[in-house]
Amino acid sequence: MAVALLEDWCRIMSVDDQKSLMVMGIPVDCGEAEIQAVLQEALKGVVSYRQLGKILRKQDNSSAVLLELLEDTDVSAIPSEVQGKGGVWKVIFKTPNQNTEFLERLNLFLEKEGQTISGMLRALGHEGVTPNSTPCLSPELMAHLVVQAMANAPRPLMPLRYRKLRVFSGSTAPAPEEEPFEVWLEQAIEIATEWPIPEAEKKRWLMDSLRGPALDLMRILQSDNPSISVPECLEAFQQVFGSLESRRTSQVRCLKTYQEEGEKVSAYVLRLETLLRRAVEKRAIPRNIADQVRLEQVMAGANLAEVLWCRLRELKDQRPPPTFLELMKVIREEEEEEAAFERENREEPEDREGN
């Protein structure tokens, strides 16, 4: 991360990272005089500085320079990028309260979940860290620790009692704090399928989120079958509170959906995805072939340019088929290429007229 590199570099140079700048994206063949000319022009009247060093970043084949600020500076006046050789150079700096703002937001989130920063750090295995020492942790390091712990944790990061499911009542006039049924069901399915906790705990957690008719249904289900599983409960909730659309209808709506006039292919794919997921939820389309169905429907239902059609054809011949995000990435890339080509064609006649 760019800010982490700035912090490490400042630590090595024994300078305050709050009073330093790092400029990245400088071409390796850009000379020192040219670098100084660009920086002096871009930062003239904004900040007084001196250059401390220059490094080569092999991962993107570019250079970066470290600048020390020689006086107190209004960081809002510092540009986030400058125009130099090869294009845009990124200017990286830290606002005076950047860490504080991050920790305040993290504290607010954890408070809603019934947790604290020190409690989270203990869950991550950092027993010796106290609330007084947490400000020394950068947002980048804190985010890295959380992601690492979530990836390796054999159980939910937060204790179960702090993981809250939104309220659902099934009432005809739901309260403002209630979730729509489809949103609540999606969260409940995640817990039922992914949390490695006892079935009894899952049922208790589910009961805690229910009110009104929904709670009555849960009690009826448990009275009729005390050993009923959470997935069976959720299936019953789907039958009672879910959409009345049949499996066949959801399947047909997905497979008979075509790109509309004036609609981008990416917008069509996004609209199709909603219908596909609904069909999968109703078991009208098997989950294990959803990626294949999506790709085939896009090729059949969208008005594709020849280049994009060829790329999708190549993806179809490969295994496994692309996921939703992978497919969307390919489509967006081609849309950007096409838009850039159109802009160039519009600009060329204007250039000829100007000459």
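## Helices and the model

A helix here is a DSSP run of H or I covering at least four residues, with helices numbered from the N terminus. That naming gives us α6, which contributes eight residues to the lining of the largest pocket, the most of any. Please keep in mind that this is a predicted model.

## The largest pocket

Let's begin with the open space. The largest pocket holds about 1300 Å³, and 35 residues line it. If you want to find its centre in the structure, look for Ile189, Arg277, Val280, Glu281 and Arg287, the lining residues nearest to that point.

Which helices supply at least two residues each to the lining? They are α6 (181-194), α9 (230-241), α11, α12 (290-301) and α14 (324-354). Sorted by class, the lining has 15 charged, 13 nonpolar and seven polar residues. Three of these helices, α9, α11 and α12, come up again below, each packed against a partner.

## α10 against α11

Two packed helices are described by the angle between their axes and the distance between the axes. For helix α10 (residues 247-255) and helix α11 (residues 265-281), the axes come within 9 Å and cross at roughly 155°. Angles over 145 degrees count as roughly antiparallel, so α10 runs roughly antiparallel to α11. The crossing of α10 past α11 is left-handed.

On the α10 side, the contact is made by Ser250, Gln251, Arg253 and Cys254, and on the α11 side by Leu272, Leu275, Leu276, Arg278 and Ala279.

## α8 against α9

What is the handedness of the crossing where α8 passes α9? It is right-handed. The axes of helix α8 (residues 212-224) and α9 come within 11 Å and cross at roughly 135°, and α8 and α9 are therefore oblique to each other.

From α8, the contact draws on Pro213, Ala214, Leu217, Met218 and Leu221, while α9 brings Cys233, Ala236, Phe237, Val240 and Phe241. By class, this contact has 10 nonpolar residues, with no polar and no charged ones.

Notes
Residues numbered from 1 in each chain as written. Predicted model: local features only at pLDDT ≥ 70, side-chain atom pairs only at ≥ 80, totals over all residues. Heavy atoms only, no water. Axes fitted to C-alpha atoms, helices over the stretch in contact; angles between N-to-C directions. Parallel < 35°, antiparallel > 145°, perpendicular 65-115°, else oblique. Left-handed = near helix turned anticlockwise from the far one by under 90°. Contact = heavy atoms within 4.5 Å. 1 Å grid on protein atoms, 1.4 Å probe; cavity = no way out; pocket = protein on both sides within 12 Å on 5 of 7 lines; lining within 4 Å. Points joined across faces, edges and corners; volume = space filled by probe spheres on them. Nonpolar A, V, L, I, M, F, W, Y, C, P; charged D, E, K, R; others polar.
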